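Here is a friendly walk through one protein, meant to be read with the structure open beside you. We begin with charged pairs and then work through the strands and the fold as a whole.

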Amino acid sequence: MSDERKTPNPGTSPKQVYKSGTGTSQDAAQSAPAGGHTTHSPKKRGSVLLNVLLGVCVCGVAVAIIGLLVSTQKYRAGAGEYTPLQNSFVTSVAGEEVVDWAAKLARMKEINPDCIGWIQVPGTKIDYPLVQTTDNETYLSYSFEKNTGSTGAIYLDAGCEPDLSMANSIIYGHHMKDGSMFAGLAKFVEKAGWLDEHKELLIVNEEGVHVYEVYVARQANVAEDAQQVWRGEDAEAAFRAAMNSEGANLADDDRVVTLVTCVNSYDSSDERYIVQAVLKDTQPLPDAGDTTGGA
């Protein structure tokens, strides 16, 4: 939409003001104030002011609409970027979808060297490349293909080991209004029975297909233990003890992934939805035509 400005309506022309010596003295007296200056009635001034305000409002609305259209275009572009990646290296074998994970991961690494794997929660929209860099800000506003946009990317906390070998590996993603990225975590918290029906979580990397079991989903403050990086043997033992005190029942060598997204509530800026899962198995990467194992 063009930034069209409306010209305020000038309204009815004012009466003719006569100078001294022109017209009748009565007309001059009625039309001109002392000193010969022109005056406008309160009604006229109000009309001009109203038209100016309307013009300003129209311009403001036009600018807001243009901004919304630009934002929406970037939003859709960011969301659409991931669809080809999700569909790549997927074939149908005996009626089942099979992913050539070795080829897929190699290609993802070519596109973005920050790629450390792929995360997938079967039965949900969570199906994305997983990245990690040296900070936790870059992928808030940059997509997997390094395009700027509101979708960002799914990324591992900069303080965690890329092989997910720590007691708690924290993974972040935006809560998008269209249900993409990590918006699906909200269902684990809000929808009864959703967790029980979607317990499997997969993270695929060069080491294989890591199969996790989701055991808890809740709303949590950013300062809570679940959203902290615990590095070192004693710290990791403390993390497991903290989680067990909340009913997790973790063993001494259990590895957990904690998925985190915003609640999308204006009055809960320090609150997050978190979903935690514990590693249950690691399977070798299946061959492209193998339908017996892997993701």
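## A charged pair in a helix

Which residue forms a salt bridge with E110, and how far apart are the closest N and O atoms? The partner is R107, and those atoms are 3.0 Å apart. A salt bridge here is a side-chain nitrogen of Lys or Arg within 4 Å of a carboxyl oxygen of Asp or Glu. E110 and R107 are three residues apart in helix α3 (residues 101-111), so about one helical turn separates them. E110 is exposed, with a relative accessible area of 58%, while R107 is partly exposed at 37%. For these words, buried means under 20% relative accessible area, exposed over 50%, and partly exposed in between (1.4 Å probe, protein chains only).

Before going further, please keep in mind that this is a predicted model: local features need pLDDT of at least 70, side-chain atom pairs count only at pLDDT 80 or more, and totals for chains, interfaces and linings use all residues. Residues are numbered from 1 along each chain as its sequence is written, and side-chain values use heavy atoms, with hydrogens and water left out.

A search of the whole structure finds five salt bridges. In one of them, E224 pairs with R218, with the closest N and O atoms 2.8 Å apart. R218 also meets E246 in a salt bridge, at 3.2 Å from N to O. This second pair links distant parts of the chain, since R218 lies in strand β8 and E246 in the loop between α7 and β9, 28 residues apart. Through shared partners, R218, E224 and E246 join into one network.

## Strand β7 and its partners

Strand β7 (residues 200-205) is largely enclosed by the rest of the structure, because five of its six residues are buried. On one side of the pairing list is strand β3 (residues 115-120), joined to β7 by three bridges in the antiparallel sense. Strand β8 (residues 208-221) also pairs antiparallel with β7, over six bridges, and the two form a hairpin with two residues between them. Pairing requires that DSSP finds at least two bridges between the strands. L202 of β7 stands opposite Q120, and in β8 its bridge partner is V211.

## A buried isoleucine

I171 sits in strand β6 and is buried, with a relative accessible area of 0%. Leaving aside neighbours within four places in sequence, its contacts (heavy atoms within 4.5 Å) include I119, L130, F182, I203 and L259. I171 and L259 are 88 residues apart in sequence, yet their C-alpha atoms are 4.9 Å apart.

## Two positive phi angles

Most residues other than glycine have a negative phi. L164 has a positive value, near 60 degrees; L164 is in the loop between β5 (154-156) and β6 (168-172) and counts as buried at 3% relative accessibility. N249 also has a phi near 60 degrees, in the loop between α7 (233-244) and β9 (256-262), but N249 is exposed at 69%.

## The whole fold

The protein has seven helices and 10 strands. Helices (H or I, at least four residues) and strands (E, at least two) are DSSP runs, numbered from the N terminus. Of its 295 residues, 37% count as buried.
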